[in-house]
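Here is a report on helix packing and on a pocket. Look at the structure first, then read on.

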Amino acid sequence: MSSHQRRLRRMIHQGLVYSLLLAVTILGLGGVGFWLIDPQIHSLSDGLWLAFTTAATVGFGDLVPSTHASRLFSVVVVLLGLAVLSLVTASLSAIFMENEVEAEDRQIEKDLMREIRHLRQEVAELRRDIAPPSRPLPPVDH
């Protein structure tokens, strides 16, 4: 594996870690926010549950924002949640596709090496065809 491939693999895995940390942070802050803003949310766990169902746009209906402020806050949580959960999904997809891309790169490299060998052979044949004869030509009288 080349250093470029290792660096790409590391970036992909770091992207997943960063997006998961961002998702946990947003859900945690969302849970605390709902717990502090909405009087119907009596525990942090209820706030976290509401933040998760809101960010994931599931909305089971067991807990719902009950004030204008918490409804406005839920809009922010939805927008941030969609963005971050999309990042997590993209990072996971990149990890799954990584092996396929590497296999395709190896096949392209094999094909290019085969083509280079073929071209070298062709150049050698052309050189033989245009090479001067090994015997000197007779002098030409003018």
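## Helix crossing

The axes of H1 and helix H2 (residues 44-55) come within 7 Å and cross at roughly 120°. Axes are lines fitted to C-alpha atoms, for helices over the stretch in contact, with angles from 0 to 180 degrees between N-to-C directions. H1 and H2 are therefore oblique to each other; angles under 35 degrees count as roughly parallel, over 145 as roughly antiparallel, 65 to 115 as roughly perpendicular and the rest as oblique.

On the H1 side, the contact is made by Leu-27, Gly-28, Gly-30, Gly-31, Val-32, Phe-34 and Trp-35. H2 brings Leu-44, Gly-47, Leu-48, Leu-50, Ala-51, Phe-52, Thr-54 and Ala-55. Contact means heavy atoms within 4.5 Å. By class, this contact has 10 nonpolar, five polar and no charged residues; Gly counts as polar.

## Model basis

The model is predicted: local features need pLDDT of at least 70, side-chain atom pairs count only at pLDDT 80 or more, and totals for chains, interfaces and linings use all residues. Residues are numbered from 1 along each chain as its sequence is written, and side-chain values use heavy atoms, without hydrogens and water.

## Largest pocket

The volume of the largest pocket is about 170 Å³. A pocket is an open set of points on a 1 Å grid, with protein on both sides within 12 Å along at least five of seven lines; lining residues have an atom within 4 Å of a point.

Among the lining residues are Arg-9, Glu-98, Glu-102 and Asp-105. The lining divides into three nonpolar, three polar and four charged residues. H1 gives the largest share, five residues.

Technical notes:
1 Å grid on protein atoms, 1.4 Å probe; cavity = no way out; pocket = protein on both sides within 12 Å on 5 of 7 lines; lining within 4 Å. Points joined across faces, edges and corners; volume = space filled by probe spheres on them. Helix = DSSP H or I, 4+ residues; strand = E, 2+ residues; numbered from the N terminus.
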